[in-house]
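Subject: Handover of a structure with two ligands

Dear colleague,

I am passing on the structure below, and I would be glad if you looked it over with the notes that follow.

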Amino acid sequence: MPKALITGITGQDGSYLADFLLDKGYEVIGVVRRSSTINFDRLRHIQDRLAIVQGDLLDQVSLIHLLQEHQPDEVYNLAAQSFVPTSFNQPVLTGEVTALGVTRMLDAIRTVDRRIRFYQASSSEMFGKVAEVPQTEKTPFHPRSPYGVAKVYGHWITINYRESYGLFACSGILFNHESPRRGLEFLPRKVSYGVARIKAGLQDKLVLGNLEARRDWGYAPDYVRGMWMMLQHDHPDDYVLATGETHTVREFVQIAFSHVGLDWNDHVVIDPKYYRPAEVDLLVGNPAKARAILGWQHSVSFERLVQIMVDADLAMLQEAEIQRTAPNINW
Ligand code: NAP
Ligand code: F7E
(Lines give C-alpha, C1' and ligand atoms only; values in the text may rest on other atoms or scores of the structure.)
(Ligands and ions follow the chains in the order given, each with its own letter.)
Protein backbone atom coordinates (compact mmCIF):
# COMPACT_ATOMS: atom_id res chain seq x y z
CA MET A 1 0.00 0.00 0.00
CA PRO A 2 1.64 3.31 -1.05
CA LYS A 3 1.94 5.92 1.67
CA ALA A 4 1.43 9.67 1.19
CA LEU A 5 2.09 12.48 3.63
CA ILE A 6 0.07 15.67 3.08
CA THR A 7 0.84 19.05 4.67
CA GLY A 8 -2.18 21.38 4.68
CA ILE A 9 -4.61 18.46 4.92
CA THR A 10 -7.17 20.59 6.80
CA GLY A 11 -7.40 23.00 3.85
CA GLN A 12 -9.56 22.79 0.72
CA ASP A 13 -7.05 20.94 -1.47
CA GLY A 14 -5.69 18.76 1.34
CA SER A 15 -9.13 17.35 2.05
CA TYR A 16 -9.86 16.58 -1.63
CA LEU A 17 -6.42 15.06 -2.12
CA ALA A 18 -6.95 12.85 0.92
CA ASP A 19 -10.31 11.68 -0.54
CA PHE A 20 -8.62 10.94 -3.86
CA LEU A 21 -5.63 9.05 -2.42
CA LEU A 22 -7.75 6.98 -0.02
CA ASP A 23 -9.89 5.92 -2.99
CA LYS A 24 -6.69 4.87 -4.77
CA GLY A 25 -5.77 2.63 -1.82
CA TYR A 26 -3.12 4.87 -0.25
CA GLU A 27 -2.33 5.09 3.42
CA VAL A 28 -2.66 8.83 4.12
CA ILE A 29 -0.77 10.73 6.82
CA GLY A 30 -2.13 14.24 7.41
CA VAL A 31 0.10 16.86 9.02
CA VAL A 32 -1.79 19.28 11.27
CA ARG A 33 -0.35 22.18 13.24
CA ARG A 34 -1.27 22.50 16.88
CA SER A 35 -4.05 25.00 17.71
CA SER A 36 -6.23 25.62 20.76
CA THR A 37 -9.34 24.60 18.80
CA ILE A 38 -9.29 21.54 16.59
CA ASN A 39 -11.04 22.11 13.27
CA PHE A 40 -11.34 19.01 11.09
CA ASP A 41 -14.56 20.15 9.35
CA ARG A 42 -13.30 19.27 5.88
CA LEU A 43 -12.04 15.86 7.06
CA ARG A 44 -14.91 14.67 9.22
CA HIS A 45 -16.17 12.19 6.59
CA ILE A 46 -12.75 10.46 6.34
CA GLN A 47 -11.25 11.11 9.76
CA ASP A 48 -11.34 7.43 10.74
CA ARG A 49 -9.35 6.47 7.64
CA LEU A 50 -6.50 8.96 8.14
CA ALA A 51 -3.51 9.14 10.42
CA ILE A 52 -3.45 12.71 11.74
CA VAL A 53 -0.02 13.77 13.03
CA GLN A 54 1.31 17.02 14.48
CA GLY A 55 3.85 19.10 12.59
CA ASP A 56 4.48 22.63 11.41
CA LEU A 57 6.25 24.06 8.37
CA LEU A 58 7.86 26.56 10.75
CA ASP A 59 9.59 23.74 12.64
CA GLN A 60 12.03 21.65 10.63
CA VAL A 61 12.66 19.18 13.46
CA SER A 62 9.00 18.20 13.37
CA LEU A 63 9.23 17.53 9.62
CA ILE A 64 12.35 15.37 9.94
CA HIS A 65 10.77 13.31 12.71
CA LEU A 66 7.58 12.81 10.69
CA LEU A 67 9.49 11.52 7.65
CA GLN A 68 11.64 9.22 9.80
CA GLU A 69 8.65 7.80 11.63
CA HIS A 70 6.17 7.38 8.76
CA GLN A 71 8.49 6.78 5.77
CA PRO A 72 6.10 8.06 3.07
CA ASP A 73 6.57 7.33 -0.63
CA GLU A 74 5.10 10.71 -1.62
CA VAL A 75 4.94 14.11 0.10
CA TYR A 76 2.39 16.72 -1.02
CA ASN A 77 3.32 20.14 0.36
CA LEU A 78 0.00 21.99 0.34
CA ALA A 79 0.46 23.95 3.57
CA ALA A 80 0.77 27.70 3.16
CA GLN A 81 -0.45 31.08 4.34
CA SER A 82 -2.55 31.16 1.19
CA PHE A 83 -4.75 34.29 1.45
CA VAL A 84 -3.31 37.14 -0.64
CA PRO A 85 -4.67 40.09 1.47
CA THR A 86 -3.24 38.55 4.67
CA SER A 87 0.14 38.37 2.96
CA PHE A 88 0.20 42.19 2.74
CA ASN A 89 -0.53 42.44 6.50
CA GLN A 90 1.73 39.55 7.55
CA PRO A 91 4.48 39.49 4.91
CA VAL A 92 7.15 38.02 7.17
CA LEU A 93 4.97 35.15 8.40
CA THR A 94 3.91 34.50 4.81
CA GLY A 95 7.57 34.27 3.79
CA GLU A 96 8.40 31.95 6.69
CA VAL A 97 5.61 29.48 5.92
CA THR A 98 4.92 29.80 2.20
CA ALA A 99 8.56 30.29 1.07
CA LEU A 100 11.01 28.95 3.66
CA GLY A 101 8.61 26.19 4.71
CA VAL A 102 9.23 24.60 1.31
CA THR A 103 12.99 24.50 1.94
CA ARG A 104 12.42 22.99 5.38
CA MET A 105 10.43 20.14 3.84
CA LEU A 106 12.78 19.63 0.88
CA ASP A 107 15.80 19.52 3.14
CA ALA A 108 14.05 17.12 5.49
CA ILE A 109 13.51 14.83 2.48
CA ARG A 110 17.16 15.23 1.42
CA THR A 111 18.24 14.32 4.94
CA VAL A 112 15.88 11.40 5.59
CA ASP A 113 15.22 9.67 2.25
CA ARG A 114 15.95 11.06 -1.21
CA ARG A 115 13.65 8.53 -2.87
CA ILE A 116 10.53 10.32 -1.55
CA ARG A 117 8.58 11.98 -4.38
CA PHE A 118 7.67 15.62 -3.64
CA TYR A 119 4.85 17.86 -4.89
CA GLN A 120 5.01 21.64 -4.35
CA ALA A 121 1.81 23.72 -4.54
CA SER A 122 2.93 26.60 -6.75
CA SER A 123 0.49 29.23 -7.94
CA SER A 124 -0.62 31.35 -10.90
CA GLU A 125 -0.14 34.32 -8.52
CA MET A 126 3.56 34.01 -9.47
CA PHE A 127 2.69 35.44 -12.93
CA GLY A 128 1.14 38.56 -11.33
CA LYS A 129 1.53 41.42 -13.79
CA VAL A 130 1.50 39.01 -16.67
CA ALA A 131 4.24 39.06 -19.32
CA GLU A 132 2.13 37.12 -21.84
CA VAL A 133 -1.36 35.72 -22.41
CA PRO A 134 -2.06 32.87 -21.82
CA GLN A 135 0.53 31.87 -19.22
CA THR A 136 2.59 28.69 -19.58
CA GLU A 137 5.40 26.96 -17.65
CA LYS A 138 7.83 29.26 -19.53
CA THR A 139 6.13 32.61 -18.82
CA PRO A 140 8.38 34.89 -16.68
CA PHE A 141 7.16 35.69 -13.17
CA HIS A 142 6.22 39.15 -11.86
CA PRO A 143 4.43 38.55 -8.52
CA ARG A 144 2.24 41.32 -7.10
CA SER A 145 1.94 40.34 -3.43
CA PRO A 146 4.14 38.96 -0.65
CA TYR A 147 2.21 35.71 -1.20
CA GLY A 148 3.16 35.64 -4.89
CA VAL A 149 6.78 36.46 -4.06
CA ALA A 150 6.88 33.63 -1.49
CA LYS A 151 5.45 31.18 -4.04
CA VAL A 152 8.14 32.16 -6.57
CA TYR A 153 10.75 31.26 -3.94
CA GLY A 154 8.99 27.92 -3.25
CA HIS A 155 8.86 27.16 -6.97
CA TRP A 156 12.56 27.82 -7.58
CA ILE A 157 13.80 26.03 -4.46
CA THR A 158 11.84 22.97 -5.62
CA ILE A 159 13.60 23.11 -9.00
CA ASN A 160 16.92 23.75 -7.25
CA TYR A 161 16.62 20.63 -5.05
CA ARG A 162 15.68 18.60 -8.13
CA GLU A 163 18.74 19.86 -10.03
CA SER A 164 21.16 19.85 -7.07
CA TYR A 165 20.28 16.59 -5.34
CA GLY A 166 18.30 14.65 -7.94
CA LEU A 167 15.08 14.71 -5.90
CA PHE A 168 11.87 13.68 -7.65
CA ALA A 169 10.40 17.15 -7.01
CA CYS A 170 7.52 18.57 -9.07
CA SER A 171 5.97 22.01 -8.99
CA GLY A 172 2.32 22.36 -10.01
CA ILE A 173 1.52 25.92 -11.13
CA LEU A 174 -2.17 25.81 -10.34
CA PHE A 175 -4.64 28.49 -11.36
CA ASN A 176 -7.56 29.34 -9.05
CA HIS A 177 -9.63 26.31 -8.14
CA GLU A 178 -12.74 26.40 -6.02
CA SER A 179 -15.39 24.22 -4.42
CA PRO A 180 -17.94 24.15 -1.62
CA ARG A 181 -14.97 23.44 0.69
CA ARG A 182 -13.22 26.73 -0.21
CA GLY A 183 -12.46 29.12 2.67
CA LEU A 184 -15.17 31.76 3.19
CA GLU A 185 -12.74 34.65 2.65
CA PHE A 186 -11.88 33.82 -0.98
CA LEU A 187 -13.98 35.60 -3.61
CA PRO A 188 -15.91 32.64 -5.08
CA ARG A 189 -16.98 31.24 -1.71
CA LYS A 190 -17.68 34.71 -0.30
CA VAL A 191 -20.05 35.16 -3.24
CA SER A 192 -21.71 31.71 -3.15
CA TYR A 193 -22.22 31.90 0.61
CA GLY A 194 -23.40 35.53 0.41
CA VAL A 195 -25.90 34.70 -2.36
CA ALA A 196 -27.26 31.75 -0.36
CA ARG A 197 -27.67 33.93 2.75
CA ILE A 198 -29.41 36.67 0.75
CA LYS A 199 -31.73 34.11 -0.85
CA ALA A 200 -32.51 32.72 2.61
CA GLY A 201 -33.35 36.22 3.87
CA LEU A 202 -30.43 36.26 6.34
CA GLN A 203 -28.75 39.35 4.81
CA ASP A 204 -29.43 41.85 2.03
CA LYS A 205 -26.05 43.18 0.89
CA LEU A 206 -22.80 41.61 -0.26
CA VAL A 207 -19.77 43.90 0.08
CA LEU A 208 -16.99 43.28 -2.45
CA GLY A 209 -13.88 44.93 -3.93
CA ASN A 210 -12.53 44.92 -7.50
CA LEU A 211 -15.09 43.42 -9.91
CA GLU A 212 -12.88 43.80 -12.99
CA ALA A 213 -10.11 41.32 -12.07
CA ARG A 214 -10.07 38.25 -14.31
CA ARG A 215 -9.28 34.73 -13.18
CA ASP A 216 -9.06 31.23 -14.67
CA TRP A 217 -11.37 29.35 -12.29
CA GLY A 218 -11.65 25.55 -12.12
CA TYR A 219 -13.06 22.87 -9.80
CA ALA A 220 -10.71 21.75 -7.00
CA PRO A 221 -11.18 17.93 -7.27
CA ASP A 222 -9.90 18.10 -10.88
CA TYR A 223 -6.73 19.83 -9.68
CA VAL A 224 -5.80 17.36 -6.90
CA ARG A 225 -6.02 14.57 -9.49
CA GLY A 226 -3.42 16.52 -11.50
CA MET A 227 -1.09 16.73 -8.45
CA TRP A 228 -1.11 12.95 -8.15
CA MET A 229 -0.56 12.49 -11.91
CA MET A 230 2.60 14.63 -11.71
CA LEU A 231 4.11 12.28 -9.11
CA GLN A 232 3.22 9.13 -11.11
CA HIS A 233 5.09 10.26 -14.24
CA ASP A 234 8.47 8.69 -14.96
CA HIS A 235 10.41 11.92 -14.45
CA PRO A 236 9.83 15.04 -12.35
CA ASP A 237 8.77 18.28 -14.03
CA ASP A 238 6.64 21.43 -13.61
CA TYR A 239 3.13 21.79 -15.02
CA VAL A 240 0.43 24.45 -15.38
CA LEU A 241 -3.06 23.23 -14.42
CA ALA A 242 -5.79 25.58 -15.67
CA THR A 243 -9.01 25.60 -17.69
CA GLY A 244 -7.74 27.97 -20.40
CA GLU A 245 -10.75 30.29 -19.88
CA THR A 246 -10.84 33.61 -18.07
CA HIS A 247 -13.78 35.42 -16.47
CA THR A 248 -14.21 38.62 -14.47
CA VAL A 249 -15.25 38.72 -10.83
CA ARG A 250 -18.34 40.56 -12.13
CA GLU A 251 -19.30 37.55 -14.29
CA PHE A 252 -18.92 35.22 -11.32
CA VAL A 253 -21.18 37.45 -9.24
CA GLN A 254 -23.75 37.82 -12.03
CA ILE A 255 -24.08 34.06 -12.62
CA ALA A 256 -24.27 33.30 -8.89
CA PHE A 257 -27.14 35.75 -8.29
CA SER A 258 -29.04 34.83 -11.45
CA HIS A 259 -28.82 31.13 -10.51
CA VAL A 260 -31.20 31.87 -7.63
CA GLY A 261 -33.34 34.35 -9.59
CA LEU A 262 -31.82 37.54 -8.15
CA ASP A 263 -30.29 40.64 -9.79
CA TRP A 264 -26.79 41.27 -8.42
CA ASN A 265 -27.21 45.05 -8.93
CA ASP A 266 -29.78 45.06 -6.11
CA HIS A 267 -27.41 43.52 -3.56
CA VAL A 268 -23.72 44.13 -4.33
CA VAL A 269 -21.98 47.08 -2.68
CA ILE A 270 -18.38 48.07 -3.46
CA ASP A 271 -16.03 48.96 -0.62
CA PRO A 272 -12.47 50.01 -1.56
CA LYS A 273 -11.21 48.39 1.63
CA TYR A 274 -11.24 45.14 -0.35
CA TYR A 275 -8.94 46.60 -3.04
CA ARG A 276 -5.37 45.28 -2.85
CA PRO A 277 -2.21 47.44 -2.76
CA ALA A 278 -1.25 45.79 -6.07
CA GLU A 279 -3.74 43.72 -8.07
CA VAL A 280 -3.33 40.80 -10.45
CA ASP A 281 -5.59 41.94 -13.28
CA LEU A 282 -5.65 39.00 -15.68
CA LEU A 283 -4.86 35.33 -15.33
CA VAL A 284 -5.49 32.64 -17.92
CA GLY A 285 -3.45 29.48 -18.13
CA ASN A 286 -2.46 27.21 -20.99
CA PRO A 287 -2.60 23.61 -19.70
CA ALA A 288 -1.33 22.08 -22.99
CA LYS A 289 1.76 20.49 -21.42
CA ALA A 290 -0.25 18.77 -18.66
CA ARG A 291 -2.76 17.58 -21.26
CA ALA A 292 -0.09 16.22 -23.64
CA ILE A 293 2.24 14.59 -21.08
CA LEU A 294 -0.05 13.64 -18.17
CA GLY A 295 -3.38 13.35 -19.98
CA TRP A 296 -4.86 15.83 -17.47
CA GLN A 297 -7.84 18.03 -18.25
CA HIS A 298 -10.51 19.85 -16.28
CA SER A 299 -14.03 18.44 -16.20
CA VAL A 300 -16.23 21.21 -14.77
CA SER A 301 -17.16 24.38 -16.70
CA PHE A 302 -17.12 27.86 -15.18
CA GLU A 303 -20.93 28.16 -15.12
CA ARG A 304 -21.30 24.71 -13.57
CA LEU A 305 -18.70 25.54 -10.90
CA VAL A 306 -20.64 28.63 -9.83
CA GLN A 307 -23.88 26.62 -9.67
CA ILE A 308 -22.27 23.79 -7.66
CA MET A 309 -21.00 26.29 -5.09
CA VAL A 310 -24.25 28.24 -4.74
CA ASP A 311 -26.33 25.04 -4.52
CA ALA A 312 -24.03 23.62 -1.84
CA ASP A 313 -24.31 26.76 0.28
CA LEU A 314 -28.09 26.84 -0.12
CA ALA A 315 -28.25 23.19 1.00
CA MET A 316 -25.95 23.88 3.94
CA LEU A 317 -28.14 26.74 5.16
CA GLN A 318 -31.27 24.63 4.74
CA GLU A 319 -29.70 21.85 6.77
CA ALA A 320 -28.71 24.33 9.48
CA GLU A 321 -32.29 25.62 9.50
CA ILE A 322 -33.72 22.09 9.79
CA GLN A 323 -31.35 21.43 12.67
CA ARG A 324 -32.38 24.68 14.42
CA THR A 325 -36.12 24.02 14.08
CA ALA A 326 -36.08 20.24 14.60
CA PRO A 327 -37.91 19.20 17.77
CA ASN A 328 -35.69 18.08 20.59
CA ILE A 329 -36.64 14.46 21.10
CA ASN A 330 -34.16 13.86 23.92
CA TRP A 331 -36.60 14.86 26.59
P1 NAP B 1 -6.04 26.56 2.34
O2 NAP B 1 -7.44 26.06 2.29
O3 NAP B 1 -5.77 27.96 2.80
O4 NAP B 1 -5.20 25.55 3.25
C5 NAP B 1 -3.93 25.87 3.74
C6 NAP B 1 -3.45 24.77 4.66
O7 NAP B 1 -2.13 25.09 5.14
C8 NAP B 1 -4.32 24.54 5.91
O9 NAP B 1 -4.44 23.16 6.14
C10 NAP B 1 -3.48 25.20 7.00
O11 NAP B 1 -3.74 24.67 8.29
C12 NAP B 1 -2.08 24.82 6.54
N13 NAP B 1 -1.02 25.60 7.18
C14 NAP B 1 -0.90 26.94 7.23
N15 NAP B 1 0.22 27.28 7.89
C16 NAP B 1 0.81 26.11 8.27
C17 NAP B 1 2.00 25.81 8.96
N18 NAP B 1 2.82 26.76 9.45
N19 NAP B 1 2.34 24.50 9.16
C20 NAP B 1 1.52 23.52 8.70
N21 NAP B 1 0.37 23.75 8.04
C22 NAP B 1 0.03 25.04 7.82
O23 NAP B 1 -5.34 26.42 0.90
P24 NAP B 1 -5.84 25.58 -0.39
O25 NAP B 1 -6.76 26.42 -1.20
O26 NAP B 1 -6.23 24.22 0.03
O27 NAP B 1 -4.46 25.52 -1.22
C28 NAP B 1 -3.52 24.48 -1.00
C29 NAP B 1 -2.15 24.94 -1.47
O30 NAP B 1 -2.20 25.27 -2.85
C31 NAP B 1 -1.62 26.20 -0.78
O32 NAP B 1 -0.23 26.10 -0.71
C33 NAP B 1 -2.00 27.32 -1.73
O34 NAP B 1 -1.13 28.42 -1.55
C35 NAP B 1 -1.80 26.62 -3.06
N36 NAP B 1 -2.62 27.10 -4.18
C37 NAP B 1 -3.97 27.18 -4.06
C38 NAP B 1 -4.73 27.55 -5.14
C39 NAP B 1 -6.24 27.60 -5.07
O40 NAP B 1 -6.85 28.21 -5.98
N41 NAP B 1 -6.86 27.01 -4.07
C42 NAP B 1 -4.11 27.83 -6.37
C43 NAP B 1 -2.71 27.72 -6.45
C44 NAP B 1 -1.97 27.34 -5.36
P45 NAP B 1 -4.85 25.30 9.29
O46 NAP B 1 -6.13 24.59 8.97
O47 NAP B 1 -4.27 24.98 10.62
O48 NAP B 1 -4.92 26.78 9.00
O1 F7E C 1 -9.53 36.81 -5.19
C2 F7E C 1 -11.10 40.02 -6.26
C3 F7E C 1 -9.66 40.08 -5.79
O4 F7E C 1 -9.13 36.00 -2.87
C5 F7E C 1 -9.86 36.73 -6.55
C6 F7E C 1 -5.67 31.89 -3.62
O7 F7E C 1 -6.12 30.56 -3.54
O8 F7E C 1 -5.88 31.89 -6.00
C9 F7E C 1 -6.28 32.57 -4.83
O10 F7E C 1 -5.83 33.92 -4.86
C11 F7E C 1 -10.08 38.13 -7.13
C12 F7E C 1 -8.99 39.14 -6.77
O13 F7E C 1 -8.18 34.71 -4.87
C14 F7E C 1 -13.20 40.60 -3.36
O15 F7E C 1 -9.18 41.43 -5.81
C16 F7E C 1 -13.04 41.36 -5.38
O17 F7E C 1 -8.64 39.86 -7.93
O18 F7E C 1 -10.57 34.62 -4.45
P19 F7E C 1 -9.41 35.51 -4.25
P20 F7E C 1 -6.73 35.13 -5.40
O21 F7E C 1 -6.20 36.35 -4.77
O22 F7E C 1 -6.79 35.08 -6.88
C23 F7E C 1 -4.46 31.83 -6.22
C24 F7E C 1 -4.22 31.04 -7.48
C25 F7E C 1 -3.71 31.36 -5.04
O26 F7E C 1 -2.66 30.75 -5.17
C27 F7E C 1 -4.15 31.88 -3.70
O28 F7E C 1 -3.66 31.06 -2.65
O29 F7E C 1 -11.29 38.65 -6.59
N30 F7E C 1 -12.08 40.42 -5.24
N31 F7E C 1 -13.74 41.50 -4.25
C32 F7E C 1 -12.15 39.92 -3.99
N33 F7E C 1 -11.44 38.96 -3.37
C34 F7E C 1 -11.77 38.66 -2.09
N35 F7E C 1 -11.09 37.69 -1.45
N36 F7E C 1 -12.79 39.31 -1.43
C37 F7E C 1 -13.54 40.29 -2.02
O38 F7E C 1 -14.42 40.87 -1.41
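Strand S5 supplies the largest share of the shell around ligand 1, namely three residues, where helices (H or I, at least four residues) and strands (E, at least two) are DSSP runs numbered from the N terminus. Please bear in mind that this is a predicted model, in which local features need pLDDT of at least 70 and side-chain atom pairs count only at pLDDT 80 or more, while totals for chains, interfaces and linings use all residues. Residues are numbered from 1 along each chain as its sequence is written, chains are lettered from A and ligands numbered from 1 in the order in which they are written, and side-chain values use heavy atoms, with hydrogens and water left out.

To stay with ligand 1, there are 23 residues around it, of which Thr10, Arg33, Asp56, Ser82 and Tyr147 come nearest; a residue counts as near a molecule or strand if one of its heavy atoms lies within 4 Å of it. By class, this shell divides into nine nonpolar, nine polar and five charged residues, with Ala, Val, Leu, Ile, Met, Phe, Trp, Tyr, Cys and Pro taken as nonpolar, Asp, Glu, Lys and Arg as charged, and the others, Gly among them, as polar.

A polar side-chain atom of tyrosine 147 lies 2.6 Å from an oxygen atom of the ligand, and a backbone N or O atom of histidine 177 is 2.9 Å from an oxygen atom of ligand 1. On its own, ligand 1 exposes 910 Å², and the protein buries 86% of that, accessible areas coming from the Shrake-Rupley method with a 1.4 Å probe and, for residues, only the protein chains shown counting as cover.

Turning to ligand 2, it is surrounded by 24 residues, the closest being Ser82, Ser123, Tyr147, Arg276 and Glu279. Helix H6 (residues 187-199) gives the most to this shell, with three residues, and the shell as a whole has 11 nonpolar, six polar and seven charged residues. A side-chain N or O atom of glutamate 279 is 2.6 Å from an oxygen atom of ligand 2, and a backbone N or O atom of leucine 187 lies 2.8 Å from an oxygen atom of ligand 2. The protein covers 95% of the 700 Å² of accessible area that ligand 2 has on its own.

With best wishes

Terms used: Polar contact = N/O pair within 3.5 Å; in protein donor to acceptor, adjacent residues only side chain to side chain.
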